[in-house]
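These are notes for a colleague who is opening this structure for the first time. Please read them with the model on screen.

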Amino acid sequence: MGERSEMNAVFLQVRLNSSRLPGKALMLLEKIPLVEWCMRRLKAADAQEFVLLTCERDAEQLRPSALRCGFTLFTGSEDDVLNRFASAALYFKPDLILRATGDNPFVSPFLANETIRLAASARADYAVLKNIPVGSSVEAVAAEALLKAAVRAEDAYEHEHVTPYLYRHPEIFRVVSGEAPSGYRSPLSVTVDTEDDFRRVSAWAANRTPETFSLLELVKSNSAADGEE
C-alpha cells in the first residue's frame with residue numbers, strides 16, 4: 001500500500017449567538033445566507049475535506065446550508081472553540097487545517113491557496129498572510145501543532161479564538177507570515193461584525209454570487225476611490 005498523501009481540510013467555524021449581530025450567519029446577501037457565501041467561496045480552496053464546525057444548539061439551523069454547499073457538519077464545544085477544532089482534527093485526521101470563520105463572506109480561495117503554499121514552503125506550524133483585507137483569508141495550521149496547543153493552552157482567550165497559543169509561542173511552533181500578493185494589499189475590512197458592516201458588504205455583493213464576486217476588483221475599486229481628491 002502506498003503512503004498517504006497530504007490532506008488539507010477547511011474548518012469553517014460559525015455560531016448564531018453573536019453578541020453584536022445575532023444570527024448574522026443566516027442573514028441574506030443577494031438571497032444567499034452569509035455562511036453559504038463563505039462555504040461556496042471556500043470550496044475553491046485546495047482542500048480535500050470541507051467541514052462546518054458549530055455547537056449542538058445551532059446545528060439544526062445550519063444543517064441545510066452545510067448540505068447545500070457540500071460541507072460536513074461537525075458539532076463540538078460551544079465556548080471552547082479550540083477544543084472543538086481539536087475534536088474535529090482527531091475525527092477527520094487532516095495534515096493541514098485551513099481555519100476560517102463564518103462572518104467573512106468575501107474570504108478568498110486564491111489567498112487561501114497562497115497561504116497553503118506559504119505553509120508548505122516554510123514547513124510552518126502556523127502561517128498567515130499580512131496586509132490583506134481583514135476577513136479575506138484563512139489561517140493555515142498544522143493539525144499536530146493545533147492538537148498540542150489544545151493540550152497546553154490555559155488562557156480562556158486562547159481557547160475561544162483557537163490559534164493565539166500558537167502565534168504567542170514562536171519558541172515552540174514555527175510561525176510564519178507572508179506578504180500579500182500584489183493587488184490584494186489593502187486596509188479594507190470585509191468582515192461582518194455589526195449592522196453597518198452588513199450594509200456595507202451587502203452593497204458590495206449587489207448583483208453578484210459567491211462564485212462571481214472578485215475581491216481583487218473590490219480592492220482595486222476602493223484603492224481608486226481612496227486616491228480621488
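1. With which residue does Glu179 form a salt bridge? The partner is Arg185, and the closest N and O atoms of the pair are 3.7 Å apart. This is a predicted model, so the distance is computed from predicted positions. Glu179 counts as partly exposed, at 38% relative accessibility. Arg185 is partly exposed as well, with a relative accessible area of 47%.

2. Glu179 also has a place in the strand pairing. It belongs to strand S9, where it stands opposite Lys130. Strand S9 covers residues 175-179 and runs parallel to S7, to which five bridges join it.

3. One of the residues involved is Tyr126, whose bridge partner in S8 is Val141. S7 itself, residues 126-130, is mostly covered, with four of its five residues buried.

4. The next salt bridge to look at is that of Arg168 with Asp155, where the closest N and O atoms are 3.3 Å apart. This pair links distant parts of the chain, the two residues being 13 apart. Arg168 sits in the loop between H7 and S9, while Asp155 sits in the loop between helix H5 (143-152) and helix H6 (156-161). Arg168 has a relative accessible area of 39% and is therefore partly exposed. Asp155 is partly exposed too, with a value of 33%.

5. Is Asp197 buried or exposed? At 13% relative accessibility it counts as buried, because the cut-off for buried is under 20%. Arg200, with a relative accessible area of 30%, is partly exposed.

6. Salt bridges can also be joined into networks. Arg20, Lys24, Asp103 and Asp193 are linked in one. A search of the whole structure finds 15 salt bridges. As background, side chains of opposite charge can pair when their charged atoms come close.

7. The surface has a nonpolar patch as well. Which residues form it? They are Tyr157, Tyr167 and Val175, with about 260 Å² of accessible area together. Tyr167 lies in helix H7 (residues 164-167), and a relative accessible area of 37% makes this residue partly exposed.

8. For the chain as a whole, the secondary structure comes to nine helices and nine strands. Among contacts between residues at least 6 apart in sequence, 70% join residues at least 24 apart. Buried residues make up 53% of the 229 residues.

9. Last, the overall dimensions. The C-alpha atoms fill a box of roughly 55 × 40 × 40 Å along the principal axes. The radius of gyration is 17 Å, which agrees with the value near 17 Å for a compact globule of 229 residues. The accessible surface comes to about 11,300 Å², and carbon and sulfur atoms account for 49% of it.

Notes: Residues are numbered from 1 along each chain as its sequence is written. This is a predicted model: local features need pLDDT of at least 70, side-chain atom pairs count only at pLDDT 80 or more; totals for chains, interfaces and linings use all residues. Side-chain values use heavy atoms; hydrogens and water are left out. Patches are made of residues with over 30% relative accessible area and no salt bridge: like charges are joined within 9 Å, nonpolar side chains (Val, Leu, Ile, Met, Phe, Trp, Tyr) within 5 Å. Accessible areas come from the Shrake-Rupley method with a 1.4 Å probe; for residues, only the protein chains shown count as cover. A salt bridge is a side-chain nitrogen of Lys or Arg within 4 Å of a carboxyl oxygen of Asp or Glu. Buried means under 20% relative accessible area, exposed over 50%, partly exposed in between (1.4 Å probe, protein chains only). Two strands pair if DSSP finds at least two bridges between them. The radius of gyration is taken over C-alpha atoms; the globule rule is 2.2 Å times the number of residues to the power 0.38. Contact means heavy atoms within 4.5 Å.
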